[in-house]
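Welcome! Let's take a guided walk through this structure, one part at a time.

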Amino acid sequence: RDLSVIDTPPVNRYPVQTYVASENDFLIKDAIYKELTRNGQVFILYNRIETIEKFMNHIQQLVPDARINFAHGQMDKDTLDDIMDDFINNKFDILVCTTIIESGIDIPNVNTLIIHDADRFGLSQLYQIRGRVGRSDKIAYAYLLYEQNKMLNDCGAGARTIQNILSGSSPSIDKIYKIADYFDVSVDYLLGRTDNPDSHKK
């Protein structure tokens, strides 16, 4: 069969600026306020239903003037639909949610994505989730966060902490090159050593 391939982005679309970092409140607060100052909205992916409301309350403490809500797949359909409709209509600023946003969500005003425990996801899933932002003519940001001193998975096969990656040990630098290639950014950019995503690509 003939195969159609779309190899150019839509007009006025920009690559999603992707960062991998250890989770800390200052980074989260800063990322949220940067988005809110340009009248945008934020997805925070938190994939633990049993503590999602507690986590939302923590985010509310970090940004007390922001309007925030949460959503997950165990909510009844009407409640979930109402929450998503309110978010689409800009009735609140931040949606703390599970992977229910992974597909079928298109909200052009949401251009910051923060993923809690990003190391729990495979690269393909992270790539899919990251596609929920950057759907307008604004530059979008994705923050892939992991717990400090926690070992990262290489799609289930990781063996070093992020500190090892930064120090350049061989197995871990292979992993970080793989992530950089997958997201089409340079290693230096991925590690925050440069502001140019195209610098020194592998």
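This is a predicted model: local features need pLDDT of at least 70, side-chain atom pairs count only at pLDDT 80 or more; totals for chains, interfaces and linings use all residues.

Take Ile32 as an example: leaving aside residues up to four places away in sequence, Ile32 is in contact with Val42, Ile44, Ile59, Val63, Ile94 and Ile114.

Now turn to helix α3, which runs over residues 77–88. Its 12 residues reach 16 Å from the first C-alpha to the last, close to the 16 Å expected at 1.5 Å a residue. Leu80, Ile83, Met84 and Phe87 are the buried residues to look for in α3. Viewed down the axis of α3, the buried residues fall within an arc of 95°, so they line one face of the helix. What do these buried residues pack against? Their partners are the strands β2 (41–45), β3 (68–71), β4 (94–97) and β5 (110–115).

Both ends of α3 are worth a visit. After the helix comes Asn90, which has a positive phi, near 60°.

Finally, look at Thr98, in the loop between β4 and β5. Is this residue buried or exposed? Buried means under 20% relative accessible area, and Thr98 counts as buried because its relative accessibility is 5%. Beyond residues up to four places away in sequence, Thr98 touches Leu45, Tyr46, Asn47, Ile49, Ile52, Ala71, His72 and Gly73.

Notes:
Residues are numbered from 1 along each chain as its sequence is written. Side-chain values use heavy atoms; hydrogens and water are left out. Contact means heavy atoms within 4.5 Å. Helices (H or I, at least four residues) and strands (E, at least two) are DSSP runs, numbered from the N terminus. The expected span of a helix is 1.5 Å times one less than its number of residues. Buried means under 20% relative accessible area, exposed over 50%, partly exposed in between (1.4 Å probe, protein chains only). The arc is that of the directions from the helix axis to the C-beta atoms.
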